[in-house]
Amino acid sequence: MPETVNELDRRLTARGAATRARIVAAADELMSLKGAAATTLDEVTAASGTSKSQFYRHFSDKSALVQAVIALRGGRVLEREEQYLRRVDSFNGLDRWCRAILQRVTARRGALGCELGSLSTELSDQDEAARIDLEAHLTSWISLLTAALERMKANDTLSEDADPATLATGIMAALQGGYVLAQAARDPAPMRIALELAMDSVRAHAKPAGAGT
């Protein structure tokens with residue numbers, strides 16, 4: 001039976017989507033290793049096995065590609081963090097989250113830094129569109145932490161004076177600083193210290209056992 005126009009369109013659309021995904025994945029890997037500025041379009045097309053004409057069929061310029069990489073990383077990071085944080089409502093849960101982060105940093109001996117934070121450091125003062133996208137993803141990450149802390153406050157794990165949004169922002173600041181220092185030192189120790197101090201700031205608001213009962 002001859003292929004219908006709709007079937008052909010779907011096949012071509014799927015092929016185009018696969019090509020675009022291959023380009024973005026190659027750019028993501030290269031930018032992790034070299035940074036966004038040092039990654040060239042020639043390197044991206046070579047690594048993805050595509051031509052320049054194929055590239056420009058999907059992206060108007062390098063800035064559009066960078067935004068696609070940010071979207072890819074943002075989705076990946078937020079999916080991972082949501083898996084860890086969606087049910088956290090105790091200090092044990094937060095500690096498990098910290099251990100997972102430290103394990104990833106230790107496995108890389110501090111290299112590469114944060115997938116989102118490293119791009120933010122490089123691009124936020126140079127590319128306003130990239131800054132806006134990165135800020136949105138980081139804010140979503142903070143919101144996941146805020147929700148976990150709000151659950152802890154609701155079940156009386158944290159005291160009434162605890163401000164989940166402020167504590168979550170402090171945790172994220174410590175986390176990003178830990179990534180930077182661990183990357184520079186090629187040593188996970190700075191991340192361990194940063195997370196311990198961040199958790200100490202949360203424990204300072206722990207509700208004493210039996211309080212209010």
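Leu112 sits in the loop between H5 and H6. By helix I mean a DSSP run of H or I with at least four residues, numbered from the N terminus; strands are E runs of at least two.

First, some ground rules. This is a predicted model, where local features need pLDDT of at least 70 and side-chain atom pairs count only at pLDDT 80 or more, while totals for chains, interfaces and linings use all residues. Residues are numbered from 1 along each chain as its sequence is written, and side-chain values use heavy atoms, leaving out hydrogens and water.

Leu112 is not a glycine, and its phi is positive, near 80°. Leu112 counts as partly exposed because its relative accessibility is 37%. The cut-offs: buried is under 20% relative accessible area, exposed is over 50%, and partly exposed is in between, with a 1.4 Å probe and protein chains only.

Arg109 is in the loop between helix H5 (91-107) and helix H6 (117-123). Arg109 also has a positive phi, about 50°, and is not a glycine. Why point this out? Most residues other than glycine have a negative phi. Arg109 has 58% relative accessibility, so it counts as exposed.

Now the cysteines. How many disulfides does a search of the whole structure find? The search finds 0. A disulfide here needs a pair of cysteine sulfur atoms within 2.5 Å. The sulfur of Cys98 has its closest cysteine sulfur in Cys114, 14 Å away, so the pair is too far for a bond. Are they buried or exposed? Cys98 is buried, because its relative accessible area is 9%. Cys114 is buried as well, at 4%.

Last topic: two helices. Helix H7 (residues 128-154) and helix H8 (residues 164-185) have axes that come within 8 Å and cross at roughly 130°. So H7 is oblique to H8. Axes are lines fitted to C-alpha atoms, for helices over the stretch in contact, and angles run from 0 to 180 degrees between N-to-C directions. Under 35 degrees is roughly parallel, over 145 roughly antiparallel, 65 to 115 roughly perpendicular, and the rest oblique.

Who touches whom? Contact means heavy atoms within 4.5 Å. On the H7 side, the residues include Leu138, Trp141, Ile142 and Leu145. On the H8 side, they include Pro164, Leu167, Ile171 and Met172. By class, the contact has 12 nonpolar, 3 polar and 2 charged residues. Nonpolar means Ala, Val, Leu, Ile, Met, Phe, Trp, Tyr, Cys and Pro; charged means Asp, Glu, Lys and Arg; the others, Gly among them, are polar.
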